[in-house]
Amino acid sequence: MGYEELFPGMDMKWHANANKRFASPFVDVAHDRIDVDPIILSHAAVACGFTIRDFYEKPELGIHCVGYISQLYDLLPVTHWFYSLPWVRELGLTLQYKDTLPPISTGPIISEPGQVDNIHVPDVDELMKGYTLPEFIRIYEYVQKNLPMTLVPISYGFDLVGAAAELCGVENFIMWTFTEPEAAHKLVKKYTDTSVNGAIGLANRFGMAMLIVGSVLANNDIFSDEAVKEYSANYMKYYVDKAFRGGAGPQLFYHLCGNHQTDYKVFKDTLFWSPFNVIHIGYYGRDPFPSKLLKEEFGNRSTIMGSVDTKLMINPNPKIAYEQAKAQILAGRDSPKGYILGTSCETPPYTIPGNLLALVKAARDYGTYGTW
């Protein structure tokens, strides 16, 4: 039995409406209401009766769960599947599956700055014989066959600094940014070039590849604004430029996870901006990044995605989630290039369904176009 036999068919009436709503910010034709994207990953598997480990070990099942459960919450009409460490296996890391976590590294492969030169950047042909690219192609071929209306091939550069740091150990990497900056730069560039080749490989197969790239380890809890620009924003720009020139894009999602209380300023004038662009920033200190500030800084360049604190999604109090969603929507809903309501990062696997309903209800109550 294939995984597709576990699920009823898609509600096409729902999908048609969700599709028009999803396109609203990018075609400048308001439809229905503000969209909600709580970045569902393994929660979709849990909500369908499977495990967190099932989600990551069985990608076709996982991506079908996301597409199916999006109907329950009236979310986006597209599906996705990812974890935070793509492309590292091709550079030598080993990943280990866990019962309650996404795949994690079993440990760094280098410990001395001089060893960075020994890391080989695989080209597209070599990536086709590796792990990540064949896995992504297999997943999207499954979607193309079984959920074609939800297909958006996505290539994940994801956390260019964080993934590179895994190669030498995060503590080593942070120290190298002070004592061995040349080695730290080489490491990030090698990971970035590998991610670029992966995006080009996916675009070669599907004729396009949406790019998702972020700044996670590089945030204000660890680095200065200058270091975030030097090690993260500059390489994000490099990644998008090279991937676009290789045929990937044009959809683009910037995900700034963690605390970006002051470093958000360095991204504004560094990054490339596509007509099909979304930017999402998780936190401002310990609080969700204010939608008002997000609109002021990025609203003229990109669709913006505001946040409800991820912690609230497992707090048995839907009213608090609703009130925070309401406040964020009211502050961001008139952003010039459109607004999406999200959570500060991936909604937890055991998110309380009533809290997700609270976000969607707030979007209906305060985000319906034509009511403000």
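**Helix packing and strand pairing in a predicted model**

Me: In this predicted model, at what angle do the axes of helix H8 (residues 170-179) and helix H9 (residues 181-206) cross?
Reply: The axes of H8 and H9 come within 6 Å of each other. Their crossing angle is roughly 125 degrees.

Me: Is H8 parallel, antiparallel, perpendicular or oblique to H9?
Reply: The two axes cross at roughly 125 degrees. An angle of 65 to 115 degrees would count as roughly perpendicular and one over 145 as roughly antiparallel, the rest being oblique. H8 is therefore, relative to H9, oblique.

Me: How many residues of the contact of H8 with H9 are nonpolar, polar and charged?
Reply: H8 contributes Phe173, Trp176, Thr177, Phe178 and Thr179, while H9 contributes Pro181, Ala183, Ala184, Leu187 and Val188. By class, these contact residues divide into 8 nonpolar, 2 polar and no charged.

Me: Against which elements do the buried residues of H7 pack?
Reply: Helix H7 (residues 160-168) is mostly covered, with 8 of its 9 residues buried. The buried residues include Leu160, Val161, Leu167 and Cys168. Just after H7, glycine 169 takes a positive phi of about 100 degrees. The packing partners of the buried residues are S4, H8, H9, strand S5 (210-215) and helix H10 (225-245).

Me: Against which elements do the buried residues of H6 pack?
Reply: Helix H6 (residues 132-146) has 15 residues and reaches 21 Å from its first C-alpha to its last, close to the 21 Å expected. Among its buried residues are Leu133, Phe136, Ile137, Tyr140 and Val143. The buried residues of H6 pack against helix H4 (59-73), helix H5 (124-128), strand S4 (154-159) and H9.

Me: In which sense does strand S7 (residues 277-284) pair with strand S6 (residues 252-259)?
Reply: S7 is mostly covered, as 7 of its 8 residues are buried. Asparagine 259 stands opposite tyrosine 283 in S7. Over 6 bridges, the pairing of S6 and S7 is parallel.

Me: Which residue of S9 is the bridge partner of histidine 280?
Reply: S7 and strand S9 (residues 303-308) run parallel and are joined by 3 bridges. In S9, the partner of histidine 280 is methionine 305.

Me: Which residue takes a positive phi in the hairpin of S7 and S8?
Reply: S7 and strand S8 (residues 287-288) run antiparallel, joined by 2 bridges. Tyrosine 283 has proline 288 as its bridge partner in S8. The hairpin has 2 residues between the strands, and the residue with a positive phi, near 70 degrees, is glycine 285.

Terms used:
Residues are numbered from 1 along each chain as its sequence is written. This is a predicted model: local features need pLDDT of at least 70, side-chain atom pairs count only at pLDDT 80 or more; totals for chains, interfaces and linings use all residues. Side-chain values use heavy atoms; hydrogens and water are left out. Axes are lines fitted to C-alpha atoms, for helices over the stretch in contact, and angles run from 0 to 180 degrees between N-to-C directions. Helices (H or I, at least four residues) and strands (E, at least two) are DSSP runs, numbered from the N terminus. Angles under 35 degrees count as roughly parallel, over 145 as roughly antiparallel, 65 to 115 as roughly perpendicular and the rest as oblique. Contact means heavy atoms within 4.5 Å. Ala, Val, Leu, Ile, Met, Phe, Trp, Tyr, Cys and Pro count as nonpolar, Asp, Glu, Lys and Arg as charged, and the others, Gly among them, as polar. The expected span of a helix is 1.5 Å times one less than its number of residues. Buried means under 20% relative accessible area, exposed over 50%, partly exposed in between (1.4 Å probe, protein chains only). Two strands pair if DSSP finds at least two bridges between them.
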